[in-house]
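Thanks for coming. I will walk through one structure today, taking it a piece at a time.

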Amino acid sequence: MSKIPEPLRNDVRILGGMLGEILKDQAGVAIFERVEQVRALAKRARTGDQGAAETLAMTLASLPLSEALPVARAFSLFLTLTNIAEAHHGLRENGDDVAGTIGNCDSTFAELLAQGVSTDQLHDTVSRLRVELVLTAHPTQVVRRTLLQKYNALADLLARRDLPRDPLLDVSGVEEALERAITSIWDTDEVMRERPTALDEARGGLNVLEQVVWHALPVWLRHVDEALRRHTGRGLPLEVAPVRFGSWMGGDRDGNPNVSPQTTLRASWLGRWMAADLFVGEIETLRAELSSRSCSPELRSRVGDVPEPYRELLRGVKDRLVATRTRMHSLLAGTSVSDEAHYTDVEQLREELLLCYHSLCSVGQEVVARGRLLDAIRRLSCFGLTMVRIDIRQESDKHTEALAAITKHLGLGDYSEWDEAKRQEFLIAELENRRPLIPWDLEGSPAVMDVIETFRVARRIGSQSLGAYIISMAHNASDVLAVELLQKAVGNTSPQRVVPLFETVSDLQSAGETMRRLFSIPWYRRRIAGHQEIMVGYSDSAKDGGRLTANWELYKAQEDVVRVCEEYHVHPTLFHGRGGTVARGGGPTHLAIQSQPAGSIKGTLRVTEQGEMIQAKFGNPRIAVRTLETYTAATVNATLATPRQPDPAWRSRMAELADIACDSYRGVVRGEPRFVEYFRRATPEVELGALNIGSRPARRRAGGGIETLRAIPWIFAWTQNRLCLPSWLGVGHALSKAIENGQISELQEMYRDWPFFRSTIDLIEMVVAKADPEPSVFYDRALVPEELQPFGDELRAMLASTVAAVLEVAGHKRLLEDYGKGQTGVKLRDRYMDPINMLQVELLRRLRSVPDDQSPDPKLWEAFVVTVNGIAAGMRNTG
């Protein structure tokens, strides 16, 4: 393990010391001493001291609830404070909060020019760049927004503490403020008492944009502009926004009955209200600043002979923005809506701001124009008047069900029973037919009418507030055509682009052929006008076949769809449904983008930012600037750099590894009769389903086994006992078999020279470094029937063999030796993770001993939830 940097160690020591004193004051000396006792025993138990382990188990078993809750909270909060200190230290070193070394725009542009990219190519690529980060509200954010805001304030105080001494604000004043902040956090309820609604989630996503990204965006764009000027002699074009934002919050109804058509409509109103509100404040400040008298003839003709032309124009702008905000507020409140002049189109506001900009430039005041006014224009390019564009997502079977209801009502038969050829024939004929499809007297099931009403509401919302229509579990060309037809059937003249989501191993394998069938349809080629977006899903593919197999199938699927797009002269945009954990496609942004197949990133990219990763990447403006710059630099590099094509022998070896890993993974998850029972006993999977951490149910359908469990709680459960099984299962068996067959030299060559393979192995290395077999032993001994405990030993042996194989392939002597910051993170947390895991084991034992016809003590449940939060903080992941 690398040494913990002294500044970081100092921050952690100061914060921990403050927490200890606060514990004494707020919870009492007895609780403080109990925390210290548990910590010391856990530390000795970790070294193999069996006596300490037994004493700790007895101590926790006899711990009254009045002590269990504050003890859990103390360890949970310490781990959170450690995270804050570590993130701050990363910024202090001008690093990235996830990866160790990441190129910024300046260094990336310089490297590309050195490789032979022309200045024109570089400038054109950056100017045309279109990255969209899509915020999603999967149930992974276990921390209340109230606390997130307090954590951000504490991070700001750490930054202030690093500033040179100021006689008006000395260090002792900042440290007192830190104490106040930690005291406030300690006395704030950390348990979500009610499950958030889908609209609550939409509001939370917008709050991140309002409180953080709105302020970070101009700073980031000035960085890009300066780097571009330095290397090409030309800055960023006036209205360009290389990164924009989308959202699934309020629009993702796949398996979530709590997202109704009205939810999506109200989420769109919320976005419009917030955009108008933010621009009202921006225009007020601009009016105060732009007192100039000189202006262009164009502006003078607009405002007349007034002494302050800019203020006069902006007065009207502000009035229309206020009217827009008032209108959205009335719609949300359900009160009467005013007909007062308001903005209906973003171009109306853009034209007025550009008029001011060009006027200032024409009278020699470009330096004024390129200040706050330029920031406002760039914010408008990024956020529009909607803040985000909402994607709608629905499962393909729901569209099939709706069309079946329509065809049966019309006496045409049952669409759901038709084969693919007949479905396509019907859909194409109806798409080319002008007659109405949906009969006025259609009476379908509630699910059918919900689908149809969603399309009607989408027509009402309009294209400026909506992004793509995502079809989850897309299997065939007819799944895409079905959505196109339903949009046409409700009379939507500005339909959403339709995006198939390929997420199982079999669907990824057939993705290229599915797109070929679509592109062969003349109507469809006319419809897409040379551009197609395709989404690939990381979570369900990994849950289906394991991480190694999913990575390879995702890589090949992208190659296939790009190849097909090239055949039909279609520009592809790949939409990556990545999560926070490695098992769900997570990992360092730069590394992930650089490892994509050649040609899959051509200046356009969409990526989901899910759950707790939104906080990790956009928690405060400084981190947000780094995140935005990382996406910009990595996407430009992936577009212009020439990646080495993998050797055909490497592809064959990778295919072989993927097959072996898949068989091994499925042999355990599907073929092992002990697996399901062990999973439910050795992890808190059952209890996690009752947490109030998302509007979305944990399962797609009621009942069922692992196959119906969503990918997120599947991973969440294994993260809690720290075995992290979904991220590595099958990998070790595949690598070990290749090594046994004398293929280590080839594997090491692949690791050295193939970015895809290297990133795959590096991500596995990161997760096995974070995984820890010892805590899962505690869970087994206390919670798993004796006859199932040998199975846990087998899984831990698999983890050990995975670690050994990964180290040999990477040529490393120890885990994360190339990632010093990753080692530091593990080392910082380990000594405080064991106690909270062992406490969770004891609380689960008590919860599971409560008779089925009785409810557990609320305090017992609350203490358990606190341990969930604490372990999630320590692992820096939920699902």
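This is a predicted model: local features need pLDDT of at least 70, side-chain atom pairs count only at pLDDT 80 or more; totals for chains, interfaces and linings use all residues.

Let me begin with the strands. Eight of them form a closed barrel, in the order S1-S2-S3-S4-S5-S6-S7-S8, and the pairing is parallel. On average, neighbouring strands of this sheet are turned by 25° against each other, if direction is ignored. There is also a helix packed on the sheet, namely H26, which covers residues 621–640. Helix H26 touches strand S1 at 130–136, strand S2 at 243–247 and strand S8 at 604–610. The direction of H26 makes about 135° with that of S1.

Strand S4 is residues 466–472, and four bridges pair it with S5 in the parallel sense. One place to look is Ile470, which stands opposite Val499 in S5. Strand S5 itself spans residues 497–502 and is joined to S6 by two bridges, again with the strands running parallel. Here Phe502 stands opposite Val536 in S6.

On the other pairing of S6, how many bridges join S6 to S7? There are seven, and S7, residues 571–577, runs parallel to S6. Within that pairing, Met535 has Phe575 in S7 as its bridge partner.

Is strand S6 mostly covered or mostly uncovered? Strand S6, residues 531–537, is mostly covered, since six of its seven residues are buried.

Next, two loop residues. Met473 sits in the loop between S4 and helix H18, the helix at 477–489. Its phi is positive, about 55°, although Met473 is not a glycine. His569 is found in the loop between H23 and S7. His569 also has a positive phi of about 55° and is not a glycine either.

Now the helix pairs. The loop with Met473 leads us to H18, and H18 has a partner in H16, residues 420–431. The axes of H16 and H18 come within 9 Å and cross at roughly 25°. That angle is under 35 degrees, so H16 is roughly parallel to H18. The crossing of these two helices is left-handed. From the H16 side, the residues in the contact include Arg423, Phe426, Leu427 and Leu431. Among those they meet in H18 are Leu481, Leu485 and Lys488. By class, the contact of H16 with H18 has eight nonpolar, two polar and five charged residues.

The second pair is H6, residues 119–128, and H9, residues 198–232. At what angle do the axes of H6 and H9 cross? They cross at roughly 165° and come within 10 Å. An angle over 145 degrees counts as roughly antiparallel, so that is how H6 and H9 lie to each other. The crossing of H6 and H9 is left-handed. Thr119, Leu122, His123 and Val126 are the H6 residues in the contact, and they meet Val224, Leu228, His231 and Thr232 in H9. This contact has four nonpolar and four polar residues, with no charged ones.

I will finish with two single residues. Thr549 lies in helix H23, residues 547–567. Its relative accessible area is 3%, so Thr549 is buried. Setting aside neighbours within four places in sequence, Thr549 is in contact with Ala658, Ala661 and Cys662. Thr549 and Gln789 are 240 residues apart in sequence, and their C-alpha atoms are 28 Å apart in space.

The other one is Gly870, in helix H37, which covers residues 858–875. Gly870 has a relative accessible area of 0% and is therefore buried. Which residues does Gly870 touch, not counting those up to four places away in sequence? Gly870 touches Ser76, Leu79 and Ile836. Gly870 and Arg563 are 307 residues apart in sequence and 46 Å apart in space, C-alpha to C-alpha.

That is the end of the walk-through.

Notes
Residues are numbered from 1 along each chain as its sequence is written. Side-chain values use heavy atoms; hydrogens and water are left out. Axes are lines fitted to C-alpha atoms, for helices over the stretch in contact, and angles run from 0 to 180 degrees between N-to-C directions. Angles under 35 degrees count as roughly parallel, over 145 as roughly antiparallel, 65 to 115 as roughly perpendicular and the rest as oblique. A crossing is left-handed if the near helix is turned anticlockwise from the far one by less than a right angle, and right-handed if clockwise. Contact means heavy atoms within 4.5 Å. Ala, Val, Leu, Ile, Met, Phe, Trp, Tyr, Cys and Pro count as nonpolar, Asp, Glu, Lys and Arg as charged, and the others, Gly among them, as polar. Buried means under 20% relative accessible area, exposed over 50%, partly exposed in between (1.4 Å probe, protein chains only). Two strands pair if DSSP finds at least two bridges between them.
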